[in-house]
Amino acid sequence: MSGCHGIHINLSGGDMEERGTQAVCSAAKEIPSIERITLISGISTCEENTWYPGTRGKLQAEKAIQSSGIEYTIFRCTMFMETLPKWEYIIGDQPTKWHWIAAIDYAAMVSKAFAMPTAANKLLFICGPGPAKTLKEALDNVYIPTCEPDRKSIPEFSVWYMTLLSWIPGNDKIRNKIIPKFHWLSKISELGDPKEANKLLGSPKISLEQWCYEKKMA
């Protein structure tokens with residue numbers, strides 16, 4: 001990092017997120033050229049949601065940056081459109097509507113933040129232009145018809161069914177990671193107001209429909 005003026009931290013994995021961010025901040029304090037640290041976090045990050053390890057890791061990462069003594073910008077982001085091809089099924093009821101955001105819009109906001117003194121020491125909420133859609137709506141109504149038209153609707157399974165399935169030998173990941181993740185998703189929502197971020201850094205422009213069309217044509 002010697003000679004760098006800024007650091008952007010993008011980690012995931014709960015404990016790794018916390019420890020990784022602490023390590024980066026500790027190292028950055030020893031490099032005089034570092035002027036700003038930015039961090040991607042989640043839009044549902046708050047004390048009330050730290051029962052989920054991933055959220056706890058994100059909140060601790062935020063605290064590490066805020067106490068580092070270096071100027072920072074924290075981006076609490078909603079769901080990314082780029083995750084849509086990775087969803088193979090849905091477990092349980094997923095009622096939350098998300099203002100899906102494209103990574104290219106987010107990247108533009110991060111780049112602009114580094115050049116703006118007014119974005120220093122800010123915690124910003126990042127949402128796409130909408131309209132908001134649930135995970136199922138985004139997949140079945142937009143992504144699958146546009147990008148994978150030969151694919152059937154996203155499969156949905158009940159929690160009890162997947163719990164039973166998880167006890168079959170070799171399915172530990174379903175029980176220990178996948179079911180807890182869907183349980184977390186079913187309980188969270190978009191927190192905070194994106195108006196400050198949009199005013200400082202410009203509003204995201206790419207709709208879910210546009211992103212899917214461009215992915216199809218790529």
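## Cysteines first

The sulfur of cysteine 212 sits 4.3 Å from the closest cysteine sulfur, that of cysteine 147, which is too far for a bond; a disulfide here is a pair of cysteine sulfur atoms within 2.5 Å. Cysteine 212 is buried, at 0% relative accessible area (buried means under 20% relative accessible area, exposed over 50%, and partly exposed in between, with a 1.4 Å probe and protein chains only). Cysteine 46 is buried as well, at 15% relative accessibility, and its sulfur lies 15 Å from the closest cysteine sulfur, in cysteine 127, so that pair is too far for a bond too. By this rule the count is zero disulfides.

A word on the model: it is predicted, with local features needing pLDDT of at least 70 and side-chain atom pairs counting only at pLDDT 80 or more, while totals for chains, interfaces and linings use all residues. Residues are numbered from 1 along each chain as its sequence is written, and side-chain values use heavy atoms, with hydrogens and water left out.

## The sheet

Four strands make an open, parallel sheet, in the order β1-β2-β3-β5. Helices (H or I, at least four residues) and strands (E, at least two) are DSSP runs numbered from the N terminus, and two strands pair if DSSP finds at least two bridges between them. β1 (6–9) and β5 (122–126) are the edge strands, each with a single partner, so one side of each has no neighbour in the sheet. On average, neighbouring strands are turned by 20 degrees against each other, direction ignored (axes are lines fitted to C-alpha atoms, for helices over the stretch in contact, and angles run from 0 to 180 degrees between N-to-C directions).

Threonine 38 is in turn the bridge partner of threonine 73 in β3, where β2 and β3 pair over six bridges. Six of the six residues of β3 are buried, so the strand is largely enclosed by the rest of the structure. Tyr72, Ile74 and Arg76 are buried on one side of β3, and Thr73, Phe75 and Cys77 on the other.

Helix α2 (residues 53–66) has 14 residues and spans 20 Å from first C-alpha to last, close to the 20 Å expected at 1.5 Å a residue; the expected span is 1.5 Å times one less than the number of residues. Its buried residues include Gly54, Leu59 and Ile65. Among the elements covering them are β1, α1 (15–28) and α6 (172–187).

Helix α3 (residues 103–114) lies across β1, β2, β3 and β5, at about 165 degrees to β3. Lysine 112 belongs to this helix and is partly exposed, at 40% relative accessibility. Lysine 112 and glycine 202 are 90 residues apart in sequence but 8.9 Å apart in space, C-alpha to C-alpha. Beyond its neighbours within four places in sequence, lysine 112 is in contact (heavy atoms within 4.5 Å) with Leu200, Leu201 and Gly202.

## Threonine 45

Threonine 45 is in the loop between β2 and α2, and counts as buried at 1% relative accessibility. Its side chain makes a polar contact with the side chain of serine 41, at 3.3 Å. A polar contact is a pair of N or O atoms within 3.5 Å; within protein, one must be able to donate a hydrogen and the other to accept it, and residues adjacent in sequence count only if both atoms are side-chain atoms. Setting aside neighbours within four places in sequence, threonine 45 is in contact with Thr55, Lys58, Leu59, Glu62 and Arg76.
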